[in-house]
Amino acid sequence: MSPNPYDETPYESFACPDSHPNRLAVIATLFGLEVPALAHARVLEIGCASGGNLLPLAAAFPGGSFVGLDYSARQMAQARLAQAELGLSNIEFRCVDIAEVAAASLGKFDFILAHGVYSWLPPAVQTALLGLCRDCLNPRGIAYVSYNTLPGWHSHAVVRELMQFHLETVTDRQHDVPQARGVLDFMAHHVQPEQQAFQLSLSQAARSLAGKSDSYLRHDYLAETNEPLYFKDFVARAAQQDLAYLGDADFPSMVGDGVTPAAYQQLTAQIKDIVRLEQYLDFLRNRSFRMTLLVKKGVAVQRSLPGSRVKSFWMASDLQRCRPLLGEGAEMASLQQPAEFKTRRGLLLKVASPLTAAALHLLQEQFPQALEFADLLQQARSRLGLWAQQTEIDSENTLANDLLALYTKPAAIEFFTAPPPVGRLDKLDKLAGAFPLASAYARWQAGSTARLTNLRHETVTVGELERKLLPWLDGQHSAADLQTALRAWVQDMGPVQQPGGCALRPQSSDAEFANTLTRLLESLAAHSFLCGPAG
C-alpha cells in the first residue's frame, strides 16, 4: 500500500469563513428555509485535516456537537492533541475512509462541511461523500461542498500538467515542490511575446503560487487526482444522490457580482432555470472554484428575495462613510443627497435613504459587534430625529430592502442568525477597571503561531506583542497586570518600534506603556479577537 500523502505532508488547516454554519444559515433563511439554531447545532466536517476549521467552531459554540472525519492518522493525531489542550468535550475526530464509513454510525447533522476535498477524490469516493451528505443531513440540514470548477480551471490545469510532466524525472519528493515552482517560473519568463495571453496566465499563476505553502502546492496541484468539473455536472451528480441545489456560499456571485449589470439583467430575463443561469454566469466569469450549498431533495427553496427576511437578523458592517457624518455639522438639506460609503476592498456604494445611511454609520461605530435589525432601526430613527418621522413613510421596509441590497455586494455587510460573541474596546477611560477577555481558541493558537483565527472565523496575522498579549487576555488579568507584563516583555526583547516611529523601551514611562497597551487591545478588538458580553 502506498503511503498516505497527507501523513507524509500534512495539509495546513485554517478556518474557512465561507463554510461557517452562520453563513449557510443566513443564505438558507434568505431563500425561505427554517434553519436550526446555531447554538445547539450538530456539525460534521468531511476531510477536516488537523481541525483548523472545526476546532474554532467547537470553541465558539460549546452547546453544539461536532464530528470531524479524515483518513490521515497523522492529521487526526494533531487534531486530537489540539482538542485535549483546548479542553473541548463537544468534538470528536474519527480517522476513517469516507468510502467505508457507515452513515448510521455518525448520526444526523444540521450542517455538513466538505471544503477542499471533493475535487481530489477518486470518483467512487466522490459519490460516497455526496451519499454521506444525503444520509447524514437532518430534514432541514445544509451541506457545503467546495470544488474546482470549469471553465476557469482549464488554465490551472495547464499549470498542473506542466508541473506533473516535469516531475516525471524527479524521484526525490523533497525536491518536487521546488522543481515544480522552478519549471513554472522558467515557462513564465520564456514564453514568446506573441503568446501574450498564455504568458500572462503563466505569470499570474507563478505570482499566486509564490505566496502559497509547499503543502498547498503539493496537495492542490501535484496530487494524483484533481478533477475540476462544470457546475451543472456537479448539480447532476448531487441530484443522483437525492440532493438539491440551494445556493452558493459566495452569495454576491448569485446576484450578478462579477458580471456587467446588462449581462445579468438579460440572462435573468431569459433563463428561469437556476442551474443553467448559474452555469452561464460561470462562463462569463471564467470561474474556477465553487462553494455549493445543498439540501435534501424536496426541500422548498423560495428564489424570490423579499427584504422582510432580513428583519430577523443581526448585522455588522465596517463600511466607511466618504462624507461628514450625521450630527457633525451636516446640514439637513444634505440628508436628501445620496450618502457614499466604501468597502474594505475600495468599492464605492451610494445609499439614497438617510435612514439607511444613519444605520450604516451606527454599524460602523459598533463594529465588529452586531446590532439586531429592530434595534438598528430604532437607533437610526433616533439619530435622525423628527426629520425622519416626517420624511420616512415606510422606513422599516426601506431599511430592510437596502440592507439586503448591500448583502449582494462583496464585503459590504454581514448578517447573523444569532448575535456573534464579538466584543470591542470601550472608551479609554474605562480600561483601568477592565479585565479583557479574548477568544480562547486564539489564546491557545498564539502559543505556536502568529496566524490566528478570530471570532469571525477569519485568519489574521498579528504582531509579536499582540501574540504575547493574547494568552494573558483570559478575563483574570487587569490592565495593570497587562501593563506590567508588557514592560517585562520589552525588557527581554529590547526596544520595540511603535507606529509613528517611536520606540518603546524598558525605561519608557508608565503613560507610554499604558498607551501601547491600549493600542494593542484596540487592534485585537478591531480584528475581532475580544469577546463580547456573551463570550
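Modeller: What follows goes through the salt bridges pair by pair.

This is a predicted model, in which local features need pLDDT of at least 70, side-chain atom pairs count only at pLDDT 80 or more, and totals for chains, interfaces and linings use all residues. Residues are numbered from 1 along each chain as its sequence is written, and side-chain values use heavy atoms, with hydrogens and water left out.

Side chains of opposite charge can pair when their charged atoms come close. A search of the whole structure gives 17 salt bridges (a side-chain nitrogen of Lys or Arg within 4 Å of a carboxyl oxygen of Asp or Glu).

One of them joins R134 and D135, with N to O at 2.7 Å. R134 has a relative accessible area of 25% and is partly exposed (buried is under 20%, exposed over 50%, partly exposed in between, with a 1.4 Å probe and protein chains only). D135, at 33%, is also partly exposed.

R237 and E227 form another, their closest N and O atoms being 2.8 Å apart. R237 lies in helix α10 (residues 231-240) and E227 in the loop between α9 (214-220) and β6 (229-230), so the pair ties together parts 10 residues apart in sequence. Helices (H or I, at least four residues) and strands (E, at least two) are DSSP runs, numbered from the N terminus. R237 is partly exposed at 26%, and E227 is partly exposed at 27%.

E365 and R383 meet at 3.3 Å, N to O. This pair links distant parts of the chain, 18 residues apart: E365 is in helix α13 (residues 354-366) and R383 in helix α14 (residues 373-384). E365 is partly exposed, with 30% relative accessibility, and R383 is partly exposed at 34%.
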